[in-house]
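Please keep the coordinates open beside the text.

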Amino acid sequence: MSRETLIDLLYLVAATTFIVALKGLGSPKRARQGNLLAAVGMVIAIVATFFKQIDGHPLHHVGLIVLGMVIGLVVAVPAARLVQMTAMPQLVAIFNGVGGGAAALVSITEFSHIHASHPATYVTLEVLLGVLIGTVSFSGSAIAYAKLQELMTGRPVTYPGQQILNAIFGLGALGLIVAILVSGATSVLWVLLALSFVLGIAFVLPIGGADVPVLISLLNSFTGLAVAASGFTLGSNLLIVAGTLVGASGILLTRLMSKAMGRSLANVLFSAFGSATTSSSSASADQRPVRSGSPEDAGILMGFASRVAIIPGYGLAVAQAQHVLRELAEQLEAKGIEVFYAIHPVAGRMPGHMNVLLAEANVPYEQLLELDEANSELQTADVALVVGANDTVNPAASDDKSSPIYGMPIIHADLAENVIFLKRSMRPGFAGIENELLYNPKTTLVFGDAKDTLTKLVAAVKAN
Amino acid sequence: MGNVLLQYATVLMLSIFVGIEIIAKVPSILHTPLMSGSNAIHGVILVGSMLVLGSATTNLEEVLGFLAVILATLNVVGGFVVTDRMLEMFKAKPAKAAKKDEVAS
């Protein structure tokens, strides 16, 4: 077997591990092995590449390649290991963005390498698509990161004529591609690069913080497609397979995610969701009466319950209060009170994010109930404790047709006998929508930092 | 349009269907790890980055290729490590999970 055949065979092995890995990632039991398997496949592919010959020569610049890898390794490992679990979505955005950037750079470099030899039109087209998609993914991910990290406002950024301007950017980029294909003018490539960069930013700006995870999934899919485009240019089946797998599964995953929020993908991308602060009643909101109580009141209320439902949201994670929450649940259980957690599919910042955060605090897996099950159990609960959640318990999603979140499935906290709502202030949640549940006569508001309040609650329940 | 292109197009089409098929039924709690895992897999662009840097002939190509290798390594390594960290949380409850399955069945 020749060396090239052996390398291609190893690439085939790598591509197979990616397929098996993606399949494994869809099942809770095999997910971790799946990820490790893909990592092994990746190492095989990388090692094999070192032995590859290009036009009869071994790889040049092996030292530079290794140096680049070392730099990447030194930066990536600590970042990935040390970042707080709550900041996970941002990190995924960053790693996705650099992948898109790498794909764009590969396409540009390849273009500069081959354009002297007058490549076929379709080769140029693949290069240009790689540049366009990779760059959009890069700059889009950067903005997504900034929104999640709160370096800029999480609210949708809108301005008059935005949609039209974005359409012009998009069509302009396609026009440039045609121009390059027809004229073969390479300098226009840099214009395309710049325009793609702007397009990525303009595309992401109007998307609200709560929708950014869906967007990251979409950009993830874009990067996959950019990688597949580079695969065509470089003539690599491995890149085509891996890139297309991610591209196709990413688009499906994006749709599943927007479905979990009860909205269409188009609605997520183009509706500047959450830019209006209102439901119809917000004008009078500040004056309406709410019932607030002390942590001690809430503790007594829970002490007399026989079933308590805990509805956690992202605010819980921000306050780093998962562990105290578990402690509270254990206190309640010690008193013979049954406790379960009602987990909304998009609680946290990404689907499944809350499960990860609670698992980190050693909350038993079987106490976590998914949406439908939670809603039917809530009818028999005495107390629903809402911690750091807001939009996912907002009744406007089922009652108020004018509300931007209308149609999103919610956890019906108001089904419980009593609602205890831990809240920092009366400020609306991430999506910027007023929450009617706060004014429900069943609801007792306990103001304060989630961790603080929970600690007091633990003490109150203990003393009770 | 040569046979090679047709062969690549075949691979592309098949991969699209495989990609859609394998994640059709994923529970929502695994959406985030799945996104992160597939994010690591497109880091395979590192192979492409190695090839362009390995065949670079001008300074511009060297600089661009070198940058591509760094970015792609970040993507691969970061992607896999983050995903593993997320999935670490799902382990260590095999007994309880099994019990739940029994109850369900």
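The domain assignment of chain A, whose bounds come from an automatic or database domain assignment, gives domain 1 (85-276) and domain 2 (288-463). This is a predicted model, in which local features need pLDDT of at least 70 and side-chain atom pairs count only at pLDDT 80 or more, while totals for chains, interfaces and linings use all residues. Residues are numbered from 1 along each chain as its sequence is written, and chains are lettered from A and ligands numbered from 1 in the order in which they are written.

Taken over C-alpha atoms, the centres of domain 1 and domain 2 of chain A are separated by 37 Å. Across this pair, 19 residues of domain 1 of chain A are in contact with 20 residues of domain 2 of chain A, two residues being in contact if their C-beta atoms, placed from the backbone, lie within 7 Å. On the side of domain 1 of chain A that touches domain 2 of chain A, the elements that give two or more residues are α4 (88-114) and α9 (237-260) of chain A, where helices (H or I, at least four residues) and strands (E, at least two) are DSSP runs numbered from the N terminus. The residues of that side of domain 1 of chain A divide into 11 nonpolar, 6 polar and 2 charged; Ala, Val, Leu, Ile, Met, Phe, Trp, Tyr, Cys and Pro count as nonpolar, Asp, Glu, Lys and Arg as charged, and the others, Gly among them, as polar.

Chain A as a whole has a secondary structure of 17 helices and 8 strands, and its C-alpha trace spans about 80 × 50 × 35 Å along its principal axes. Among the contacts in chain A with a separation of 6 or more, 79% are accounted for by residues 24 or more positions apart.

Next comes a helix pair. Helix α5 (residues 121-148) and helix α7 (residues 188-204) of chain A pack at an angle of about 40°, with their axes 7 Å apart; axes are lines fitted to C-alpha atoms, for helices over the stretch in contact, and angles run from 0 to 180 degrees between N-to-C directions. α5(A) and α7(A) are therefore oblique to each other, since angles under 35 degrees count as roughly parallel, over 145 as roughly antiparallel, 65 to 115 as roughly perpendicular and the rest as oblique. The residues of the contact of α5(A) with α7(A) divide into 14 nonpolar, 6 polar and no charged.

Finally, the contact between the chains takes 78 residues from chain B and 95 residues from chain A. On the side of chain B that touches chain A, α4(B) gives the most, with 27 residues.
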